[in-house]
Amino acid sequence: MIQDSVLGPHQEILTARATDKKILKNAQDGGIVTALLVYALEKNIIDGTIVAGDGNEPWKPEPIVATTKKEILKSSGTKYTMCPNLAMIKEATRSYGLEKIGTVGTPCQVMGIRKMQTYPMGLRHVTDKIALIAGIYCMENFPYDSLKAFIQDKAETVPSKVVKMDISKGKLFIRTSDNETAIPIKETHGYEQSGCQYCMDYVAELSDFSCGSVGAKEGWSTIIKRTDTGASLIDNAVEDGVLEVVETNEGKFGLEMLRKLATNKKKKRQKNIDKALDIGLEVPFTKSDLKEDILENR
Amino acid sequence: MSKTITISPTSRQEGHATLSLEVDDEGIVTTGRYYSITPVRGIEKMVIGKRPESAPVIVQRICGVCPVTHTLASVEAIDDSLKIEIPKTAQILREMCLNAHMVNSHAIHHFLVAPDFVPSEDYKQVVKNISEIRKQAQFVEDVIGGEGIHPSDIRIGGMAHNITKNTKNKIKTRINGVIKLIEQHVEQMTKYVEAKEFPEDLGKHAQPVLATSNTYGSRQNISLSSINEIMPNSWYADKYTSQEDEEFAEETKKTAKKIGKTACSQIPLYDNTPVETGPRARANKYRKFKDVGVKAQHLARAQEMINSAERILELVDKIDPSAQTMAKFNLEGTDRLGVGVIEGPRGTNLHTAKISSDGFISEYNCIVPTTWNIPTMGMATEGNHYDYAPDVIRAYDPCLSCATHMIVVDDESKEVLKEDMVQL
Ligand SMILES: Cc1cc2nc3c(=O)[nH]c(=O)nc-3n(C[C@H](O)[C@H](O)[C@H](O)COP(=O)(O)OP(=O)(O)OC[C@H]3O[C@@H](n4cnc5c(N)ncnc54)[C@H](O)[C@@H]3O)c2cc1C
Ligand code: SF4
């Protein structure tokens, strides 16, 4: 295990995408999350998974318990608003009767799951059933009203017409079937949920594996193999041809970029944490002067 | 010479109780008194003035061994008070949850009595089997009740969730898988119990049985007007053996009076006499099982594990995963006394509740299985050597915290004012 305070503990980093065209069609980036959840389901590593499914309003996801490939596929793609996946974990073990649950979440959600496992209060016969935690990189997330503001005020359309949203190259792209609007990320500042201001984890450091688009070419993903569970899942998926791998770009637009973004997030957020702690606010993170390495996520 | 033997607290049971036994020269019990010394929590009082939906959540805390039973009795009482007809699937789910709990709770009791019956060379295996049986039963309780301990999904008006088809199949597979082990375990326990050298008539008594149904509980089969709850002092005060020795006679009377003041449970009588409730009572009434006494109780309890597991399999096939599990109702009080009767592992659990017209709980009362059994248990120790008395008690699988009611103590004199005992 490589101990790395920027990217978190990991075994290996690789660049890959799903081989299944159907998965790639709707996936956000390389379709890694969808492909691996489906693969884990087929290999009986999980017997169902919590994903961000469709909610009552377009682009406002709701956590669902997916137990079929079809349901997992239907929930692929990023929704840039909060989806409380953890809220379904207990129910997944109850009326759904799952015993090996897969989950996907942003870094904060992954932290939540690990905390649940460490302090399983009110979670009898739940945490021992969490079998796989897929993490997705995350710089910030937006309340649904913010998202609507981007769509309606900046892109001048309505949520139901949007076919894809993506953050890349410093912009938030909002795509409809016949148009594309690019909003500079700077203009989205102030719209994110306030908790993100104190979040130091960019790459879901506590997940079994995490992935995102940063560091890879368009349509591909950078995967960080972390735990043995995550690593063996990915190794087997590659061996079975579920994922195809290309050489990882170590340079400026590859891993260097990933490290730069992760470092910047940590430094910026540590400042916010310090400020909050200085004025006596309760923030569950450590002040920089008490840390040996300020990049450490704690 | 006659003497009084006190065993306090009695062991390998839930909660705290005392056995006070008057014995003759040979050590044979002439008067057996069993009484609860578990501190009271006042649960029934706590729910008064609260919204109905708080009651199941609060009263399930009466007991950590039997929360499913209390939750069910509570929602049944409130459903009855509010005249809510729950959907069929919800009724099936409730009964399945109770039967899973029955298997689980009886298995726990086998942990408690294993030292009495199981030979040391088999001990490890038996404990392993019990653990496996409990695991499968708890799975059913978890997925249906939402939580094995303190179930969250048993609600007024039905059940919060149905189960998915996947869960339905899992229950079937798991219970089908474990039923062989249950049968084997029951056979083994039966063998140990039968081999145990107990006096022939140990635990036999002439009291009637109380049971309302084979596997769930029925308010139709109990008559509230036949129930009479009396204060412990009037029950225990004359529970002593007449003695020739004057000094000792004085002492026994004093002891009996003191017990009447210390005991923390009321004495419920059915048709003016104490009853036995529990697995043997149900087996007697609904399964043609006629034996009485300690061994009979253990055998009936073990057999009931199979009965309940089979019932789960019967019911699971009837579940429609797409059906509604909550009734549509307006939470309007009726001022009507609702009755909830559940056949719990230890016997008939009776909750009564009234919801006032402004929608708050105005009356709440429980008579739980061990409360029924307490007076009978003392009587059942009589006629045999006191060495066997704890075996008689354990055959009832008593649960004292459930049975406890509130006592009122005079602040100044520290005297327990039994006449003012608050019905909780
Ligand atoms: C708020 C947010 C911010 C992100 N920021 C970055 C970033 O800065 N840099 C970067 O490289 N990547 C970021 N990502 C991750 C990226 O957008 C992709 O989700 C990731 O690369 C996985 O793509 P994929 O093709 O492998 O997954 P897919 O196969 O498309 O599957 C995506 C999975 O994520 C789940 N999901 C979608 N939305 C949410 C949500 N809101 N909460 C929880 N789960 C969800 C879906 O249910 C699905 O299972 C962000 C994701 C989110 C949700
Ligand atoms: S920035 Fe952090 S807190 Fe905000 S959504 Fe992403 S992981 Fe969660």
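Author: In chain B, B:Ile5 stands opposite B:Leu21, a residue of strand β2(B). The model is predicted, and for that reason local features need pLDDT of at least 70 and side-chain atom pairs count only at pLDDT 80 or more, while totals for chains, interfaces and linings use all residues. Residues are numbered from 1 along each chain as its sequence is written, chains are lettered from A and ligands numbered from 1 in the order in which they are written, and side-chain values use heavy atoms, with hydrogens and water left out.

Strand β1 (residues 3-7) of chain B pairs with β2(B) in the antiparallel sense over five bridges, where two strands pair if DSSP finds at least two bridges between them. Strands (E, at least two residues) and helices (H or I, at least four residues) are DSSP runs numbered from the N terminus. In the loop between β1 and β2 of chain B lies B:Pro9, and the peptide bond that leads from B:Ser8 to B:Pro9 is cis, with omega near -5 degrees. Most peptide bonds are trans, and most residues other than glycine have a negative phi.

On its way to the next strand, β2 (residues 17-23) of chain B pairs with β3(B), again in the antiparallel sense, over seven bridges. B:Ala17 stands opposite B:Ser36, and B:Val23 stands opposite B:Val29. The hairpin formed by β2(B) and β3(B) has five residues between the strands, and in it B:Gly27 takes a positive phi near 85 degrees.

How much of β2(B) is buried? Seven of its seven residues are buried, so the strand is mostly covered, buried meaning under 20% relative accessible area, exposed over 50%, and partly exposed in between (1.4 Å probe, protein chains only). One side of β2(B) carries B:Ala17, B:Leu19, B:Leu21 and B:Val23 and the other B:Thr18, B:Ser20 and B:Glu22, and all of these are buried, which leaves both faces covered. Strand β3 (residues 29-36) of chain B has seven of its eight residues buried, so it is largely enclosed by the rest of the structure.

A pair of aromatic rings is described by the distance of the centres and the angle of the planes. Rings of Phe, Tyr and Trp (its six-membered ring) pair if their centres lie within 6.5 Å, with planes under 30 degrees apart counted as stacked, over 60 as edge-to-face and the rest as tilted. By this rule there are seven aromatic pairs over all chains. B:Phe198 belongs to the loop between α6 (165-195) and β6 (209-210) of chain B and B:Tyr388 to the loop between α11 (369-380) and α12 (389-394) of chain B, so the pair ties together parts that are 190 residues apart in sequence. B:Phe198 counts as buried at 12% relative accessibility, whereas B:Tyr388 is partly exposed, with a relative accessible area of 26%.

B:Lys196 lies over the face of B:Phe117, 5.8 Å from the ring centre, and B:Lys239 lies over the face of B:Trp235, 3.9 Å from the ring centre.

B:Asp271, a residue other than glycine, has a positive phi near 50 degrees. This residue sits in the loop between β8 (267-270) and β9 (276-277) of chain B, and B:Asp271 is exposed, with a relative accessible area of 53%. In chain A, A:Lys169 likewise has a positive phi, near 45 degrees, and is found in the loop between β6 (162-168) and β7 (171-176) of that chain. A:Lys169 is exposed, with a relative accessible area of 70%.

Definitions and conventions:
A charge sits over a ring if NZ of Lys or CZ of Arg is within 6 Å of the ring centre and within 35 degrees of the ring normal.
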